[in-house]
Amino acid sequence: MAQAIPTSSRNALLSRVAAAVLGGYVLVSSATVFLSYLFPTERAEAVLAATLLSYAVYTGAVIWVFAVRTARRAWLGLIVPALAMGALSLVLDTFGGFNT
């Protein structure tokens, strides 16, 4: 007979999947906004370039979540940069980015 997977392992896996999906989305959203302020092109081109780059960021985020040792580090590795880019996006919005 197959042995049952311990509840702690299930919870850790569920936490990592949630981090990959939800945390990755938050990270990619803030990265897209932040990068769109940094590209020195017209606004529409900057947003398009940032959106295209966000696919690579999301892929890296998913790999990161399952590569780190703990689920806590996975969450922190996604949320801290997302908050930093969100704060920098607010600063760039207030004081102007390259393509205002």
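Tutor: What follows takes the helices of this predicted model one by one and then in pairs.

Student: How many residues does helix α1 have, and what does it reach from its first C-alpha to its last?

Tutor: Helix α1 covers residues 7–38, which is 32 residues. From its first C-alpha to its last it reaches 45 Å, close to the 46 Å expected at 1.5 Å a residue.

Student: Where does α1 bend?

Tutor: The bend is at A19, and it is about 30 degrees.

Student: How is a pair of helices described?

Tutor: Two packed helices are described by the angle between their axes and by the distance between those axes. Take α2, residues 43–67, and α3, residues 71–95: their axes lie 8 Å apart and the packing angle is about 155 degrees. Angles over 145 degrees count as roughly antiparallel, so α2 is roughly antiparallel to α3.

Student: Is the crossing of α2 and α3 left-handed or right-handed?

Tutor: α2 passes α3 in a right-handed crossing.

Student: Which residues meet there?

Tutor: From α2 come A61, W64 and V65; from α3 come R73, A74, G77 and L78. By class, this contact of α2 with α3 has five nonpolar residues, one polar and one charged.

Student: What about the axes of α1 and α2?

Tutor: They come within 8 Å and cross at roughly 155 degrees. That makes α1 roughly antiparallel to α2. The crossing in which α1 passes α2 is right-handed. The contact of α1 with α2 has 21 nonpolar, five polar and two charged residues.

Student: And at what angle do the axes of α1 and α3 cross?

Tutor: At roughly 20 degrees, with the axes coming within 8 Å. Angles under 35 degrees count as roughly parallel, and α1 and α3 are therefore roughly parallel to each other. The crossing of α1 and α3 is left-handed. Their contact divides into 18 nonpolar, six polar and two charged residues.

Terms used:
Residues are numbered from 1 along each chain as its sequence is written. This is a predicted model: local features need pLDDT of at least 70, side-chain atom pairs count only at pLDDT 80 or more; totals for chains, interfaces and linings use all residues. Side-chain values use heavy atoms; hydrogens and water are left out. Helices (H or I, at least four residues) and strands (E, at least two) are DSSP runs, numbered from the N terminus. The expected span of a helix is 1.5 Å times one less than its number of residues. The bend at a residue is the angle between axes fitted to the seven residues ending there and the seven starting there. Axes are lines fitted to C-alpha atoms, for helices over the stretch in contact, and angles run from 0 to 180 degrees between N-to-C directions. Angles under 35 degrees count as roughly parallel, over 145 as roughly antiparallel, 65 to 115 as roughly perpendicular and the rest as oblique. A crossing is left-handed if the near helix is turned anticlockwise from the far one by less than a right angle, and right-handed if clockwise. Contact means heavy atoms within 4.5 Å. Ala, Val, Leu, Ile, Met, Phe, Trp, Tyr, Cys and Pro count as nonpolar, Asp, Glu, Lys and Arg as charged, and the others, Gly among them, as polar.
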